[in-house]
Amino acid sequence: EKGYETGEHAPGLKLGGCGAYKAAHHIIKTHAKVWHSYNSTWRREQRGMVGISLTSGWGEPVDPHSPTDRDAAERYIQFHLGWFANPIYRGDYPEVMKNYVGKKSAQQGLGTSRLPTFSVQEKTYIKGTSDFLGIGHFTTRYVLQKNFPFLQVSSYHTDPDLAELVDPNWPAPGPKWLYSVPWGFRRLLNFIKTQYGNPLIYVTENGVAETMQCSQLCDEWRIQYLKGYINEILKALNDGVNVKGYTAWSLLDKFEWNKGFSERFGLYHIDFKNKNKPRYPKASVDYYKKIISANGFPNPREVMP
């Protein structure tokens, strides 16, 4: 979407309304080909696993009692996670995506939908091509129905007819888009369990950046973020969600897409101005070490010998 719809990321193409869908279509088919290649050639010998890692926020209806808000929140998750996961786990794009993009394409006078279609053979070939689901998750949005004017230029962002809101009381320690909303993660994980047959899940990305540099390396907000989100994963485990592993994002400060080095997700601070790039542990390192060694939250009553 950023590479082929808005042009913010490489290759910088602004193919509004079509580019993101075409790129995703190729990604899904290519993923399936790789899975089948491994399955037929290497699996018996190596006994490895091939999966896909998808990043998605959670969409919560503004009014949970409003059918239109609930439908909008459903569209949010289907246009993000379902876009890729539905073909892989259920054999085709989500019905709501096909309906909305198809309807908007017809209104524009297009002969076919801007959302590409899979052939019957492709659907069969793609379905089931994931031994595990990798999930990257960072934040949540409140969602409600919003109708965009018919004459507006077509866009992936306007196709689902929804608006995204945030609660001003949600902590926002880093970039403007990343609010700390731990409960959304549990809901996302339970959605995956229900929608896709409780697949094996590895959390491949979950963390928070700071945009302000803290000279004392005192990232208390990151500790609170990790604590909240990991706690919600534990609740999801109790719900029966099949989460097998967790990776905090990320070990080191790094190059962050078009933000360069300005957004720092690392547990370790890196001095990018020094040619040797020295690394310094932030306060979150000690906290995360304790979680790793305890394989969970350490008992606060336990006295260390």
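Strands β4 and β5 run antiparallel and are joined by four bridges, strands being DSSP runs of E of at least two residues and helices DSSP runs of H or I of at least four residues, both numbered from the N terminus, and two strands being taken as paired if DSSP finds at least two bridges between them. The model is predicted, so that local features need pLDDT of at least 70 and side-chain atom pairs count only at pLDDT 80 or more, whereas totals for chains, interfaces and linings use all residues. Residues are numbered from 1 along each chain as its sequence is written, and side-chain values use heavy atoms, with hydrogens and water left out.

Strand β6 has two parallel pairings: four bridges connect it with β3 (residues 133–136), where Gly134 stands opposite Tyr202, and three bridges connect it with β7 (residues 243–246), where Val203 has Tyr246 as its bridge partner.

Strand β6 (residues 201–205) also contains Glu205, which an unreviewed UniProt entry lists under "active site"; such positions are given in the numbering used here, feature names are shortened, and annotations may be inferred rather than shown by experiment. Glu205 counts as partly exposed because its relative accessibility is 21%, where buried means under 20% relative accessible area, exposed over 50%, and partly exposed in between (1.4 Å probe, protein chains only). When neighbours within four places in sequence are left aside, Glu205 is in contact (heavy atoms within 4.5 Å) with Ile135, Gly136, His137, Phe138, Thr247 and Trp249.

Ser154 is located in the loop between β4 (140–145) and β5 (162–165) and, at 13% relative accessibility, counts as buried. Although Ser154 and Gly17 are 137 residues apart along the chain, their C-alpha atoms are separated by 4.9 Å. Apart from residues up to four places away in sequence, Ser154 touches Glu5, Gly16, Gly17, Gln108 and Arg114. The side chains of Ser154 and Gln108 are joined by a polar contact of 3.4 Å, that is, a pair of N or O atoms within 3.5 Å, of which, within protein, one must be able to donate a hydrogen and the other to accept it, residues adjacent in sequence counting only if both atoms are side-chain atoms.

The structure holds 18 salt bridges, each defined as a side-chain nitrogen of Lys or Arg within 4 Å of a carboxyl oxygen of Asp or Glu. One of them joins the side chains of Glu60 and Arg187 (2.5 Å, N to O); because Glu60 lies in strand β2 and Arg187 in helix α6 (residues 183–195), this pair ties together parts that are 127 residues apart in sequence. Glu60 is buried, with a relative accessible area of 11%, whereas Arg187, at 39% relative accessibility, is partly exposed.

Arg114 forms a salt bridge with Asp159, with the closest N and O atoms 2.8 Å apart. This pair links distant parts of the chain, with Arg114 in the loop between α4 (95–107) and α5 (120–126) and Asp159 in the loop between β4 and β5, 45 residues apart; both Arg114 and Asp159 are buried. Finally, Glu210, Asp219, Arg222, Asp253, Arg264 and Lys282 are linked in a network of salt bridges.
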